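Work through these exercises with the model open beside you. Try each task before you read its solution.

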Amino acid sequence: MDAMTNQPFSPKAPRGYFAVGAEGISKPMNLGSLIRSAHAFGASFCFTVGAGEKVRQASSDTSKTPQHLPFYAWPRIEDMALPKTCQLVGVELTEDAIDLPSFRHPLNAAYILGPERGSLSKEMIARCDHLIRIPTKFCINVQIAGAVVMYDRLRSLGSFAPRALMPGAPVEGAPEHVHGGPIKRVDGKKMPMKPLK
């Protein structure tokens with residue numbers, strides 16, 4: 001139940017879509033946990049790049065994610081076929097990556113994580129539109145990293161009540177969505193249109 005409305009809880013999913021995947025992942029339990037979390041957070045699809053057949057069994061995925069959303073197992077980076085408007089976001093602990101709390105998530109994104117005992121390949125980093133990092137002292141488990149990124153996306157793009165200033169539940173509900181009037185573009189600039197009478 002939602003504490004504010006006393007109604008059954010429903011996810012406040014943002015517009016757009018996202019996907020989660022891993023390059024060179026080697027442990028079926030990690031992949032299973034990652035795609036199960038992706039399913040729970042509302043991913044549109046999941047994928048691997050360069051993972052072995054045994055890994056793709058993902059035995060810890062108790063929600064049976066591939067029965068509910070597409071799962072792509074691309075053998076190489078060149079084989080990746082993301083939707084046209086989808087931006088690839090690499091998750092890697094490097095100096096030049098953007099700290100996750102400061103990152104503005106793309107409306108349509110595919111998040112790619114590296115293998116358990118390594119990093120994203122140079123070729124994958126070159127393919128990424130953005131590179132982000134979770135500001136931790138050292139690397140964390142691939143599934144945990146994926147869940148942190150998905151939570152941050154949901155929190156920053158979702159329609160939730162503002163956080164309370166004091167510990168506890170928020171004192172006000174989520175803001176209602178307000179539809180704006182029609183807008184036309186003139187020379188690439190948005191210009192409000194006068195309402196019809």
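**Exercise 1.** Find how many salt bridges the structure holds, and say which of them share partners.

*Solution.* The model is predicted.
Step 1: The structure holds three salt bridges.
Step 2: Start at Arg76. Glu78 pairs with Arg76, with the closest N and O atoms 3.1 Å apart. Asp79 also meets Arg76 in a salt bridge, at 3.0 Å from N to O.
Step 3: Turn to Asp99. The side chain of Asp99 meets that of Arg133 at 2.7 Å, N to O. This pair links distant parts of the chain: Asp99 is in strand S5, Arg133 is in strand S7, and they are 34 residues apart.

**Exercise 2.** Describe the second largest pocket: what is its volume, and which residues lie nearest its centre?

*Solution.* 
Step 1: The space in this pocket is about 310 Å³.
Step 2: The lining has 19 residues. Nearest the centre lie Val91, Cys139, Ile140, Val142 and Ala145.
Step 3: Sort the lining by class. It has 10 nonpolar, six polar and three charged residues.
Step 4: Follow Ile140 to the surface. Ile140, Ile144 and Val148 form a nonpolar patch there, with about 200 Å² of accessible area together. Val148 lies in helix H3.

Key. Residues are numbered from 1 along each chain as its sequence is written. This is a predicted model: local features need pLDDT of at least 70, side-chain atom pairs count only at pLDDT 80 or more; totals for chains, interfaces and linings use all residues. Side-chain values use heavy atoms; hydrogens and water are left out. On a 1 Å grid over the protein atoms alone, a cavity is a set of points where a 1.4 Å probe fits but cannot get out, and a pocket is an open set with protein on both sides within 12 Å along at least five of seven lines; lining residues have an atom within 4 Å of a point. Grid points are joined across faces, edges and corners, and a volume is the space filled by probe spheres set on the points. Ala, Val, Leu, Ile, Met, Phe, Trp, Tyr, Cys and Pro count as nonpolar, Asp, Glu, Lys and Arg as charged, and the others, Gly among them, as polar. Patches are made of residues with over 30% relative accessible area and no salt bridge: like charges are joined within 9 Å, nonpolar side chains (Val, Leu, Ile, Met, Phe, Trp, Tyr) within 5 Å. Accessible areas come from the Shrake-Rupley method with a 1.4 Å probe; for residues, only the protein chains shown count as cover. A salt bridge is a side-chain nitrogen of Lys or Arg within 4 Å of a carboxyl oxygen of Asp or Glu. Helices (H or I, at least four residues) and strands (E, at least two) are DSSP runs, numbered from the N terminus.
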